[in-house]
Amino acid sequence: GPVFHLLMKDGTLVSGGKDAQGAVRTWALGSAWPTRLDLTPGGGLQDVGVNPLAGRTTGKVCVRAVAVRSGEVIVGTSDNSILAVNLESRAAKLITGSHRNGAVTCLAAHPTKPLVASVCEGGRVRIMDLANRLETAHRDLQDPLLCCAWELPDGEHLAVGFASGEFRILDAVSLLERKGLARDYGTARCEAHNTSRKGIP
């Protein structure tokens, strides 16, 4: 099936996609074979606390998004769950089991804090505290969201992209459009991506 997300960090490539067995693969550059993190029951992961694999009996978990932070792979799935898997111990924990309606479409690890931002097809942007497995903020933006990214190097802003071609720049704490930024960028369509407009190639 298709690959939905790729991420490269510190010499390792992480991939996730429409795998019939719900696996994430990590590839060390120069290696011919990947390490497989199987998310299905009996896939070899150790459950920590709440069982992150509960209810998944069909083995048809689709990985839609991945992020990497401090030795963990953060995984967003087609059934609205977000998991964290430790690469060394292969221990898996559930961060959240529900992300409103629609699959998680993108994850972004905060550059300095134990936070992850996520967006979904249902239009919700959410920030989760990975250490405590608590939501620190969310906002419903109504339209399907496809991507998100923190501002570097301090994560003061969070950019989110819509299926419509629009993007917004949000305050990372309140998730409201930043004054000054919203007027120029936040609610404007990105012309380079809006190919339906006249005169845009």
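**Close-ups of a predicted model**

**Arg178 and the residues around it.** Leaving out residues up to four places away in sequence, Arg178 touches Glu156, His157, Ile169, Leu170 and Asp171 (a contact being heavy atoms within 4.5 Å). This is a predicted model, so local features need pLDDT of at least 70 and side-chain atom pairs pLDDT 80 or more, while totals for chains, interfaces and linings take in all residues. Numbering starts from 1 along each chain as its sequence is written, and side-chain values use heavy atoms, with hydrogens and water left out. Arg178 sits in the loop between strand 16 (167–171) and helix 1 (181–186); helices (H or I, at least four residues) and strands (E, at least two) are DSSP runs, numbered from the N terminus. With 26% relative accessibility, Arg178 comes out as partly exposed (buried is under 20% relative accessible area, exposed over 50%, partly exposed in between, using a 1.4 Å probe and protein chains only). Arg178 and His157 are 21 residues apart along the chain, and their C-alpha atoms are 8.4 Å apart.

**Leu175, in a loop and with positive phi.** Leu175 belongs to the loop between strand 16 and helix 1. Its phi is near 65°, a positive value in a residue that isn't glycine. Relative accessibility for Leu175 is 0%, so the residue counts as buried.

**Ser70, another residue with positive phi.** Look for Ser70 in the loop between strand 6 (63–69) and strand 7 (72–77). Although Ser70 is not a glycine, it has a positive phi of about 45°. Ser70 counts as exposed because its relative accessibility is 62%.

Thr112 lies in the loop between strand 10 and strand 11 (115–120), and at 52% relative accessibility it counts as exposed. Setting aside neighbours within four places in sequence, Thr112 contacts Arg69, Pro153 and Asp154. Gly155 is 43 residues from Thr112 in sequence, with 7.5 Å between the two C-alpha atoms. Pro153 has its place in the loop between strand 14 and strand 15 (157–162). The peptide bond leading from Leu152 into Pro153 is cis, with omega near 10°.

**Cysteines without a disulfide.** A search of the whole structure turns up zero disulfides (cysteine sulfur pairs within 2.5 Å). Cys147 is in none, and its nearest cysteine sulfur, on Cys106, is 6.1 Å away. Cys148 isn't in a disulfide either; there the nearest cysteine sulfur is again that of Cys106, at 4.0 Å. Cys147 is partly exposed, with a relative accessible area of 38%, whereas Cys148, at 9% relative accessibility, counts as buried.

**The largest pocket and its lining.** The largest pocket has a volume of about 330 Å³. Of its 19 lining residues, Leu7, Lys9, Val68, Ala108 and Ala109 are the closest to the centre. Strand 1 (3–9), strand 6, strand 10 (104–109) and strand 14 (145–150) each give two or more residues to the lining. A pocket here is an open set of points on a 1 Å grid over the protein atoms alone, where a 1.4 Å probe fits, with protein on both sides within 12 Å along at least five of seven lines; lining residues have an atom within 4 Å of a point. Points are joined across faces, edges and corners, and the volume is the space filled by probe spheres set on them.

**The chain behind the close-ups.** Buried residues account for 45% of its 201 residues. Among contacts between residues at least 6 apart in sequence, 37% join residues at least 24 apart.
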